[in-house]
Amino acid sequence: MRITGTIINYYFHCKRQCYLFANRINLEDNSEDVRIGKVLHEIRAKDKDEAEIKYENVVLDKVTAKYIEEYKKSDADPEASKMQLLFYLKQLKDKGIEKQGKLIYEEKNRKDGRKVEIIKLDDVNIKKLNNCIENIEVLINGDKIPEVEKDNKCKKCAYYDYCYL
Ligand code: SF4
């Protein structure tokens, strides 16, 4: 199984979700939350005449001269978003392209507008990312599906029916 940014994101959100997604049990099309994310994506692409950029196992929201920009509809899971972006930065660095990351949270209800965080692929972050990838590989290649987490986040998860019904 090839690691992707989405798998990394899910690892921080929920180990069970990470395992299920990585092992191709994909229920995302049923999720209202995922659909909202996709619509946000499409609207932004239309407004700015930009589309996401895909290559190999990487999907980038937007690339500028200095940054890879990753758009999120909430800052509820900052570590997941950060590690996902670090993964993309590392993939590009391995191809000889060095950039910084820009995490942009576009939460509708934010009074202070957008929140932006700059992410750098320094030695500390590379080490963190490598550790994380090793842990994910152990998890998703294992025989045991992690237990249901029974948390509030489950209500918005694409796997809710799978886990609870
Ligand atoms: S419903 Fe909850 S336990 Fe199941 S995959 Fe989603 S977040 Fe994890």
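## A walk from the ligand cavity outwards

Start by selecting helix H2 (15-22) and helix H6 (160-164): each of them supplies at least two residues of the lining of the largest cavity. Helices here are DSSP runs of H or I with at least four residues, strands are E runs of at least two, and both are numbered from the N terminus.

Before going on, some ground rules. This is a predicted model, where local features need pLDDT of at least 70 and side-chain atom pairs count only at pLDDT 80 or more, while totals for chains, interfaces and linings use all residues. Residues are numbered from 1 along each chain as its sequence is written, and side-chain values use heavy atoms, with hydrogens and water left out.

**Stop 1: the cavity**

Searching the whole structure turns up 1 cavity of 30 Å³ or more. A cavity, on a 1 Å grid over the protein atoms alone, is a set of points where a 1.4 Å probe fits but cannot get out, and lining residues have an atom within 4 Å of a point. Its space comes to about 110 Å³, where grid points are joined across faces, edges and corners and the volume is what probe spheres set on the points fill.

Now pick out Cys14, Cys154, Cys157, Tyr159 and Cys163: of the 13 lining residues, these lie nearest the centre of the largest cavity. H6 gives the largest share of the lining, 3 residues. Colour the lining by class and you get 8 nonpolar, 2 polar and 3 charged residues. For that colouring, Ala, Val, Leu, Ile, Met, Phe, Trp, Tyr, Cys and Pro count as nonpolar, Asp, Glu, Lys and Arg as charged, and the others, Gly among them, as polar.

**Stop 2: the ligand**

Where does the ligand sit? It sits in the largest cavity, meaning that more than half of its atoms lie within 2 Å of the cavity's grid points. Select its surroundings next: Cys14, Arg16, Gln17, Val148, Glu149, Cys154, Cys157, Tyr159, Tyr160, Cys163 and Tyr164, each with a heavy atom within 4 Å of the ligand. H2 and H6 turn up again, each supplying at least two residues of this shell, and H6 gives the most, with 3 residues. By class, the shell divides into 8 nonpolar, 1 polar and 2 charged residues.

**Stop 3**

Because 7 of its 8 residues are buried, H2 is largely enclosed by the rest of the structure. Buried means under 20% relative accessible area, exposed over 50%, and partly exposed in between, using a 1.4 Å probe and protein chains only. The buried ones in H2 are Arg16, Gln17, Cys18, Tyr19, Leu20, Phe21 and Ala22. Their cover includes helix H1 (5-13), H5 and H6. Following H2, click on Arg24, whose phi is positive, near 65°.

Step back to H1. With 7 of its 9 residues buried, H1 is also largely enclosed by the rest of the structure. Select Gly5, Ile7, Ile8, Asn9, Tyr10, Tyr11 and His13 to see the buried ones. The cover over them includes H2, strand E4 (67-72), helix H4 (78-94) and H5.

**Stop 4**

Go to Ser81, in helix H4. Is Ser81 buried or exposed? Ser81 is buried, with a relative accessible area of 3%. Leaving aside neighbours within four places in sequence, Ser81 is in contact (heavy atoms within 4.5 Å) with Asn9, Lys72, Leu103 and Tyr105.

Then jump to Asn125 in helix H5 (residues 123-141). Asn125 counts as buried, at 9% relative accessibility. With neighbours within four places in sequence set aside, the contacts of Asn125 are Lys82, Leu86 and Lys120.

**Stop 5: Lys150**

Lys150 is in the loop between H5 and H6. This residue is exposed, with a relative accessible area of 69%. Its phi is near 50°, a positive value in a residue other than glycine. Most residues other than glycine have a negative phi.

**Last stop: zoom out**

Show the whole cartoon: the protein has 6 helices and 6 strands. Along the sequence they run α-α-α-β-β-β-β-α-β-β-α-α. Buried residues make up 39% of the 165 residues. Among contacts between residues at least 6 apart in sequence, 67% join residues at least 24 apart.

How values were computed:
1 Å grid on protein atoms, 1.4 Å probe; cavity = no way out; pocket = protein on both sides within 12 Å on 5 of 7 lines; lining within 4 Å.
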